[in-house]
Amino acid sequence: MCVAMPGRVVKVDGTKAEVDFSGNLVRAEAGLVKIKPGDYVLVHAGCILQVMSEEDSNNLMDLFKEIESL
Amino acid sequence: MTEYQAYLKNYDGEPVRLMEVCGTHTAEISHSGIASVLSPNIRLISGPGCPVCVTVTSYIDRLVALSLEPNHVVVSFGDLLRVKGSSQSLNDAKALGGQVRMVYSPMDVLKLADAEPEQIFVFAAVGFETTTPVYALLLEEAQKTGIQNIRLLTSLKTMPPVIDWVCANQGGIDGFLAPGHVSVITGSSMFEPLAQTYSIPFAVSGFEPQQILLSIYALVRRRGKGDVMNLYPSAVTAEGNKAAQRVVNQYFESCDAAWRGMGVIAESGMCLRAEYAEFDAGSMNLTDDRSANPNCRCAKVLTGAISPHECPLFGSQCTPQIPQGACMVSTEGSCYQYYVNHRK
Amino acid sequence: MKITMAHGSGGKATSELISDIFSKSFSNPILARMEDSAVVPGAQTIAMTTDSFVVTPVFFPGGDIGRLSVCGTVNDLLMSGAQPKYLTCGFIIEEGAESADLERIADSMAKTAKEAGVCIVAGDTKVIEGKGGVYINTSGVGFVPQGRNISASNCETGDAVLLSGFLGEHHAAVLSTRIGIQNQIESDCAPLNEMVCALFQNGIRVKALRDVTRGGLATVLNEFAAASSCCIELNEQDIPVSEPVKAFCGILGLDPLYMGNEGKFVAVVAKEDAQKAAEVMRAAKYGANTSVIGSVVPGEVGTLLVKTPIGGTRIVPELYGEGLPRIC
């Protein structure tokens with residue numbers, strides 16, 4: 001129910017930001033998270049919800065090993 | 001093929017029933033053909049995670065009525081436009097001359113309202129915890145800029161009470177694929193009380209097919225244990241987005257809410273606080289839920305009690321072209337998915 | 001029953017409107033075939049078609065309603081195996097439209113007609129009350145060489161399915177303008193003569209052709225599967241979609257398989273000719289991203305299947321409703 005996509009912050013303008021998604025520039029609300037240009041952020045319905053960490057923390061094999069160790 | 005994919009394909013243990021409670025997960029599962037790479041002993045059930053599907057008919061009726069009132073414009077996401085209330089949808093209202101506009105973001109309504117101050121713009125504010133913060137920001141901005149012709153008709157819901165309802169009233173679920181983007185806002189720890197109470201595992205999952213497969217694997221492996229596993233750590237933390245939670249609590253408070261086919265579930269919704277009543281388009285007491293067709297079994301399908309095939313209308317009187325209930329209207333509804341994918 | 005926007009989207013509602021009202025009134029065996037053009041007997045076999053253009057805004061990145069109106073009709077003729085020759089055009093102009101805009105549109109039509117090798121030989125103009133909108137109808141005539149038989153009902157097991165390039169560009173370009181998302185996506189609006197002629201000139205055994213307009217690739221291939229009583233299977237990884245369009249779809253919850261294009265077509269050809277067909281199409285101006293996307297397989301008749309990157313399979317129906325952006 002939550003179509004959201006990660007994009008790259010291009011510009012910050014007070015509580016608004018311009019986020020780039022592979023060549024699509026969207027003006028999004030930035031009031032909920034501290035961001036700076038270059039950040040990789042999750043955007044839902046025109047609002048930035050989270051800064052995504054860049055290191056491959058979603059590395060599936062690492063997560064798999066964690067599950068196995070439970 | 002990864003180790004966990006192979007495991008899931010070849011699994012021949014006790015039958016497992018897993019429920020996803022996020023419409024976007026439902027869509028991705030269908031899109032990637034995930035059911036077709038799982039052992040038949042692993043059944044995926046779509047739960048009440050699509051805000052469009054669980055919206056009661058009287059809410060739609062009110063929107064339809066508002067769109068037909070002079071100087072009122074109903075603004076909505078695309079998802080809601082086809083859903084019928086007790087007889088009509090917003091698309092039907094548009095064909096009758098009602099004012100209905102579609103936007104990508106609730107924030108877009110600010111520009112619309114500013115450009116046409118003589119009209120009242122009513123936003124069809126549906127959603128779960130992921131979207132509620134955006135409505136809060138909208139009101140914050142409206143107050144800051146002094147825009148007075150915006151209203152919300154709310155049908156905002158929260159996840160834990162309905163998951164609790166399913167576990168308490170239905171049971172038969174061995175694991176939950178927890179909504180990834182809801183968890184970004186609320187934090188994964190929100191599911192711990194439920195996991196512990198019912199000893200059912202929750203896997204907070206991202207939306208890539210591999211992430212979903214890994215989450216399904218985790219749920220099968222941890223069956224019977226009340227674990228909450230965060231398998232989407234790049235976006236989800238245990239505590240969630242505090243700033244978002246704060247702004248939501250400023251404008252909204254918990255209230256009882258009506259769920260299509262399930263009746264009223266206590267404290268399962270979010271409503272505007274009394275001090276912001278000026279922004280409300282009459283959201284209270286919209287609990288009446290009357291499907292145009294009395295034989296519609298959406299309620300039971302939505303909670304996973306029956307499969308779409310067990311509804312007497314499925315495929316005959318109810319198809320995507322002539323949907324009788326929300327499960328068939330929404331592209332994430334179980335009935336729609338079963339129908340177009342010829343699922344058994 | 002009131003007509004809603006869904007009736008115009010090119011999907012199921014549109015086909016039902018046509019069959020319930022128009023086909024019923026106009027019924028005849030040529031119309032009943034429901035191909036892109038009506039192929040009729042005569043001293044030479046003639047193909048005729050008509051199309052109306054109502055896009056807003058009338059000027060969009062990569063094109064305009066004028067270019068669209070020529071390409072749309074030319075391409076429909078090409079899809080029936082005809083050599084397009086003559087077009088008519090009728091304008092319905094709402095009071096308030098700018099004459100400078102009409103000049104731009106007419107100029108664009110002239111340039112496009114030249115590129116497509118057709119003559120606009122007749123026309124009509126009407127002005128009505130309104131807010132400055134412009135609507136164009138074009139009808140076209142072409143000639144089908146002796147012995148050529150291109151039809152949606154010709155597909156056979158083993159045949160290869162080719163797509164001439166990136167999906168969704170036109171739809172994304174127009175929607176971006178309306179919804180305020182900035183990008184460099186441009187409409188792919190183009191006449192397909194060069195590619196289609198190259199297929200025939202190189203002796204490719206072409207079974208069916210269809211341009212991928214409203215309703216998208218999914219709708220077109222479902223039509224083929226139904227008309228030919230066959231099953232078509234695609235490999236998702238081989239379906240060309242550009243990164244910006246993929247991201248655009250991700251933001252709005254759209255599916256490229258259901259988006260409209262104005263310069264793309266699918267060709268179903270004999271298996272042995274697939275590689276050569278792809279080569280000749282790639283050599284043409286608008287075919288650089290041609291891809292063999294799938295084939296006709298044994299399976300449930302009338303069905304379109306897609307093999308997903310994780311090795312799963314999903315059934316892809318024709319478009320229901322309007323294909324609106326989702327948040328869910």
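**View 1. Two domains of chain B, with C-alpha centres 31 Å apart: domain 1 and domain 2.** This is a predicted model, where local features need pLDDT of at least 70, side-chain atom pairs count only at pLDDT 80 or more, and totals for chains, interfaces and linings use all residues. Residues are numbered from 1 along each chain as its sequence is written, while chains are lettered from A and ligands numbered from 1 in the order in which they are written. Where domains 1 and 2 of chain B meet, domain 1 puts in seven residues and domain 2 eight (residues are in contact if their C-beta atoms, placed from the backbone, lie within 7 Å). Domain 1's side of that contact has three nonpolar, four polar and no charged residues. Here Ala, Val, Leu, Ile, Met, Phe, Trp, Tyr, Cys and Pro count as nonpolar, Asp, Glu, Lys and Arg as charged, and the others, Gly among them, as polar.

View 2. Chain B has domain 1 (3–44 + 172–224), domain 2 (57–158 + 240–279) and domain 3 (298–339); domain bounds come from an automatic or database domain assignment.

**View 3. Chain A meets chain C.** Here 10 residues of chain A touch 15 residues of chain C. On chain A's side, strand β3 (residues 24–29) gives the largest share, three residues. Strands (E, at least two residues) and helices (H or I, at least four) are DSSP runs, numbered from the N terminus. Chain A's side comes out as seven nonpolar, three polar and no charged residues.

**View 4. Inside chain C.** Domain 1 (33–144) and domain 2 (152–315) make up the division of chain C. Between them, 21 residues of domain 1 contact 20 of domain 2. Helix α3(C) brings nine residues, the largest share of domain 1's side.

Note on methods
Contact = placed C-beta atoms within 7 Å.
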